Amino acid sequence: MGMTEQVGQVSVEAETAASITPLKIRGWAQGEAGSGMYRVDLPMWGLKGAGHEAVSIVGFDSAPEDTDVVLGQILSDPGRALLWEKLKERPGRRPVLIAEIDDNLWDIHGSNVGAAGLASPEVTRRIEDSLRIADAVTVTTPHLGELVSRFNENVYVLPNCVDLNLLLHPKEEPERKTFGWTVSASHAMDVRDVTGTLSHYLRRHPEVDLHLVGQDFRELISAPNVRHSTWNAELNDYVKSIDFHVGIAPLMYHAFNKSRSDIKALEYAALGIPVVAANYGPYPDTVVHGETGFLVKQPHEWAKYLNELLFDDELRTLMGLNAKVWASTRTIQGNAWKWELAMRETIARVHGDPIVGLNAPLPAELVSV
């Protein structure tokens with residue numbers, strides 16, 4: 001089985017070229033929501049900062065003849081799927097095709113109305129075909145990589161990153177004790193799973209607020225001390241909305257959630273906010289229990305850990321600082337080279353080009369000679 005974190009298995013020539021030719025990369029984002037931003041817009045921006053000619057496009061285009069790489073996100077509609085096939089058949093030195101997918105689209109929960117259009121047999125078959133046609137696939141987590149490897153053996157696990165500037169923004173401080181959740185429509189099952197627990201906690205602690213940022217699920221949580229802000233892609237406005245003392249990341253035990261990324265904990269951490277997260281999906285691998293946040297194994301622990309962090313300022317500050325240190329390892333500025341490496345290795349495999357170097361330093365522990 002070919003899926004690995006392949007950045008650890010690339011052979012690189014001992015003598016790096018003094019001048020490295022920039023890549024010409026086109027990213028096809030599925031849309032302007034968070035998934036498109038984190039999986040296409042941000043990597044393209046990071047690669048551009050590393051010296052490449054990288055652009056992000058919502059939808060798709062035909063890709064100029066001199067394009068080196070096309071990164072296509074969730075190729076579910078007929079037009080993009082057809083163009084994907086044509087690019088693979090383009091005569092001469094065609095662009096290498098990298099399919100990007102960041103969710104388990106084979107186990108979509110019935111409450112996920114946003115992804116309902118991806119669950120039909122026809123659309124599923126189109127997505128699977130696009131994965132087979134691709135020269136490589138990028139995913140967010142190892143578990144998702146295992147699922148995708150059924151269709152393509154060249155899978156790169158490239159975790160989500162944040163912009164370094166997020167770590168530098170001062171966090172808004174609310175007047176009342178506040179825990180918050182950046183929540184999308186796909187989390188409807190998770191909201192329902194913890195509705196009783198959160199409602200009970202908020203009624204017992206009228207001095208505490210819950211702030212939902214993104215999808216408005218207030219009607220599901222029967223407590224008056226819940227407020228809501230819409231999601232905003234502009235960094236300054238988004239950061240202003242995250243005024244939590246503590247962030248939460250509930251996940252119901254479900255196959256779809258097992259492949260989710262740790263982006264919520266990462267966003268909180270970048271702002272110095274500790275997390276209380278479900279002991280499921282990505283969080284046991286990324287949240288250090290008792291240092292950067294807490295992992296919840298039993299329902300009653302939501303209240304226990306929220307109380308510890310909301311009412312102990314010293315503990316919350318320490319965990320927030322620990323979390324920010326962890327987030328500093330997951331900036332796109334510090335990790336764009338991993339996307340570049342995946343692309344250069346794919347080009348080398350498809351076209352036979354030697355990998356002569358990168359536009360960013362390659363850590364020695366990730367090189368096998």
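Contact means heavy atoms within 4.5 Å. The model is predicted: local features need pLDDT of at least 70, side-chain atom pairs count only at pLDDT 80 or more, and totals for chains, interfaces and linings use all residues. Residues are numbered from 1 along each chain as its sequence is written, and side-chain values use heavy atoms, without hydrogens and water.

**Confidence**
- The protein chain has an average pLDDT (the predictor's confidence in each residue, from 0 to 100) of 88, and 88% of the residues score at least 70.
- Residues 1–19 stay under 50 in pLDDT, and the model gives them 46 contacts beyond four places in sequence.
- Residues 360–369 are also below 50, with 18 contacts in the model beyond near neighbours in sequence.

**Helices H11 and H12**
- In H11, Glu 308, Leu 309 and Leu 310 meet Asp 313, Leu 315, Arg 316 and Met 319 of H12.
- By class, this contact has four nonpolar, no polar and three charged residues.
- Helix H11 (residues 301–310) packs against helix H12 (residues 313–327) at an angle of about 95°, and their axes are 6 Å apart.
- H11 is therefore roughly perpendicular to H12 (65 to 115 degrees).

**Helices H2 and H3**
- Helix H2 (residues 78–88) and helix H3 (residues 121–133) have axes 10 Å apart and pack at an angle of about 20°.
- H2 and H3 are therefore roughly parallel to each other (angles under 35 degrees).
- Pro 78, Ala 81, Trp 84, Glu 85 and Lys 88 of H2 meet Arg 126, Ser 130 and Ile 133 of H3.

Definitions and conventions. Axes are lines fitted to C-alpha atoms, for helices over the stretch in contact, and angles run from 0 to 180 degrees between N-to-C directions. Helices (H or I, at least four residues) and strands (E, at least two) are DSSP runs, numbered from the N terminus. Angles under 35 degrees count as roughly parallel, over 145 as roughly antiparallel, 65 to 115 as roughly perpendicular and the rest as oblique. Ala, Val, Leu, Ile, Met, Phe, Trp, Tyr, Cys and Pro count as nonpolar, Asp, Glu, Lys and Arg as charged, and the others, Gly among them, as polar.
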